[in-house]
Amino acid sequence: MTTAIRESVVTKHVVQDIVVPIDCMPGGLQLFHEEFEIYPLLVFPIRIYDHGDKQGFLRKPRKTDGVDGPDGQHPGKAWGMYVDLGAYGVPQRIRDKKSWNFEPALLRMEEWTRKIGGYQCFYTDFLLTRDEYKEMFDHKQYDKMRKKTGADEAFPEVYDKVRPELKVCDRNGRLKAKAN
């Protein structure tokens, strides 16, 4: 994909998918409507389990909605109910030949998602800084295992693999720049 096509995809097309606590779903639906206005939305439920000291990237659920999994799976493990909200396509404002700025829309969605303890899926376009990414995802186990296995000196971090290659803004002065 050429730089021009990639820039057009990022700035005129939405690929967003977030996982949020189910009680925050109304706010997420409102936010997606205000910022993207793309329908239909992908919506499906997700359980996030409390795995104690082996939690992984997804943090312990902020609220317990139940214990044990379906059909006796994960006995004794508390879980929280979340929902995945996905929007894919061209925002209504662009289809209506009006101006739409992806940057404030994504920044608002990312800030809201972090604030309510949600997650942004790795394959989406995002503008998260490394610190914001680490705020969203729990890196304790990941960093521990990278150090233990020597991966911290041999391989890039997940952030470096999934962040968009296109430098669409510098996150300090919010200046857009072309990728090399």
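Residues are numbered from 1 along each chain as its sequence is written, and side-chain values use heavy atoms, with hydrogens and water left out. Because the model is predicted, local features need pLDDT of at least 70 and side-chain atom pairs count only at pLDDT 80 or more, while totals for chains, interfaces and linings use all residues.

**View 1. The largest cavity and its lining.** A cavity is a set of points, on a 1 Å grid over the protein atoms alone, where a 1.4 Å probe fits but cannot get out, and its lining residues have an atom within 4 Å of a point. The count comes to 2 cavities of 30 Å³ or more, and the largest has a volume of about 60 Å³, a volume being the space filled by probe spheres set on the points, which are joined across faces, edges and corners. Its lining consists of Pro 21, Ile 22, Asp 23, Arg 62, Lys 63, Asp 65, Gly 80, Met 81 and Tyr 82. Strand β4 (residues 78-89) provides the largest share of this lining, 3 residues; strands (E, at least two residues) and helices (H or I, at least four) are DSSP runs numbered from the N terminus.

**View 2. The second largest cavity.** This cavity holds about 40 Å³ of space and is lined by Val 10, His 13, Val 14, Val 15, Gln 16, Trp 100, Phe 102, Leu 106 and Asp 125. Both β1 (14-21) and α4 (102-115) supply at least two residues of the lining, and β1 gives the most, with 3 residues.

**View 3. Thr 113 in helix α4.** Thr 113 has a relative accessible area of 0% and is therefore buried, a term that means under 20% relative accessible area with a 1.4 Å probe and protein chains only. Leaving aside neighbours within four places in sequence, Thr 113 is in contact (heavy atoms within 4.5 Å) with Ile 18, Gly 118, Tyr 119, Gln 120 and Met 136.

**View 4. The largest nonpolar core.** A nonpolar core is a set of buried Ala, Val, Leu, Ile, Met, Phe, Trp, Tyr and Cys residues joined through side-chain atoms within 4.5 Å. Of the 21 residues in the largest one, Ile 18, Val 20, Phe 32, Phe 36 and Trp 112 touch the most other members. The elements giving two or more residues to this core are β1, α2 (25-35), β4 and α4, and α4 contributes the largest share, 6 residues. A second, separate core of 14 residues includes Phe 57, Phe 126, Tyr 133 and Phe 137.

Methods: On a 1 Å grid over the protein atoms alone, a cavity is a set of points where a 1.4 Å probe fits but cannot get out, and a pocket is an open set with protein on both sides within 12 Å along at least five of seven lines; lining residues have an atom within 4 Å of a point. Buried means under 20% relative accessible area, exposed over 50%, partly exposed in between (1.4 Å probe, protein chains only).
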